[in-house]
Amino acid sequence: LIASLFGLVFLMIQRARAGLPIPSIRPIAGLEALDEAVGRATEMGKPIHYSPGMSGFGSEMYAALATLTYVAKLAAQYDTKLIVTTRRPYIHPVASEIVKQSYLEAGRPDSFNPDDIRFVSEWQFSYTAAVMGIIQREQPAANLLMGYWMAEALVVAEAGAQAGCIQIGANTNIFQIHFFIVTCDYTLIGEEQFAASAYLSKDPMLTGTVV
């Protein structure tokens with residue numbers, strides 16, 4: 001079974017690289033709305049808040065950081081302030097480097113402000129309270145909550161809703177996903193989050209793997 005799966009993945013990657021037809025990834029509204037969220041923040045002259053979630057390095061965090069890469073490139077292109085808050089100290093330098101590289105590639109290295117990439121606290125609700133404060137003070141136009149979320153999901157999303165943010169949430173935790181559904185404008189449910197990097201980049205190898 002494992003050998004068959006590897007063979008199928010290899011076949012799809014080769015077909016994608018060769019430009020041959022492969023099954024397409026269905027439209028995912030939450031990912032399509034990322035451009036809208038960044039555009040709204042740019043038009044309003046307000047920042048974007050992005051959080052890669054509460055987990056350490058793992059599948060959800062890798063997916064959230066891949067989405068951060070896309071958002072950071074858009075923010076750099078439009079010269080829009082991007083605030084990234086992290087819970088884990090070892091996630092912070094990775095997130096910082098992703099955003100820094102995006103501004104460098106956009107030709108705006110001077111616009112990158114390392115103070116906008118903020119390690120807040122490793123304690124769950126200390127992080128939650130701090131992010132609520134950042135949202136109230138900074139008044140972002142977009143609140144992007146990707147990754148893995150627990151009991152703080154509703155609290156952070158409600159703070160964004162009160163601030164009038166356009167909100168996109170993603171979660172694989174079935175005990176908390178419904179809180180994003182009722183507070184966010186768009187919600188990525190479960191495996192939709194893991195398809196984000198392929199969906200946004202259109203990279204043949206990633207797309208073939210998802211297929």
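Just after helix H5, Gln139 adopts a positive phi of about 50°, and this residue is found in the loop between H5 and S4; helices (H or I, at least four residues) and strands (E, at least two) are DSSP runs, numbered from the N terminus. The model is a predicted one, in which local features need pLDDT of at least 70 and side-chain atom pairs count only at pLDDT 80 or more, while totals for chains, interfaces and linings use all residues. Residues are numbered from 1 along each chain as its sequence is written, and side-chain values use heavy atoms, with hydrogens and water left out.

Gln139 has this positive phi although it is not a glycine. Most residues other than glycine have a negative phi. Gln139 is partly exposed, with a relative accessible area of 28%, where buried means under 20% relative accessible area, exposed over 50%, and partly exposed in between (1.4 Å probe, protein chains only). Asp79, which is not a glycine either, has a positive phi of about 55°; Asp79 lies in the loop between helix H3 (59-78) and S2 and is partly exposed, with a relative accessible area of 44%.

Helix H5 itself has 15 residues and reaches 21 Å from its first C-alpha to its last, close to the 21 Å expected at 1.5 Å a residue, the expected span being 1.5 Å times one less than the number of residues. Tyr127, Thr128, Val131, Gly133, Ile134 and Ile135 are buried in H5, and the buried residues of this helix pack against strands S1 (48-51), S2 (82-86), S3 (117-119) and S4 (142-145), as well as against helix H6 (153-162). Thr128, for instance, is buried with a relative accessible area of 1% and, leaving aside residues up to four places away in sequence, touches Glu152, Val155 and Val156, a contact meaning heavy atoms within 4.5 Å.

Strand S4, one of the elements packed against H5, is covered on both faces, with Ala142 and Leu144 buried on one side and Asn143 and Leu145 buried on the other. In a regular strand the side chains alternate between the two faces of the sheet. S4 pairs with S1 in the parallel sense over four bridges, two strands being paired if DSSP finds at least two bridges between them, and Ala142 in S4 is the bridge partner of Ile48. Four bridges also join S4 to S5, and these strands run parallel; here the bridge partner of Leu145 is Gly169 in S5. The chain crosses from S4 through H6 to S5 in a right-handed β-α-β crossover, which is to say that, with the strands pointing away from the viewer, the path from the first strand over the helix to the second runs clockwise.

The largest nonpolar core has 39 residues, and those with the most contacts inside it are Tyr50, Leu68, Leu82 and Val99; such a core is a set of buried Ala, Val, Leu, Ile, Met, Phe, Trp, Tyr and Cys residues joined through side-chain atoms within 4.5 Å. Among the elements that each supply at least two residues of this core are S1, S2, S4 and helix H4 (92-105), while H3 gives the most, with nine residues. Val99 touches Leu68, Ala72, Leu82, Val84, Phe112 and Ile117, not counting residues up to four places away in sequence. A second, separate core of 14 residues includes Tyr127, Ala153, Val156 and Cys165.
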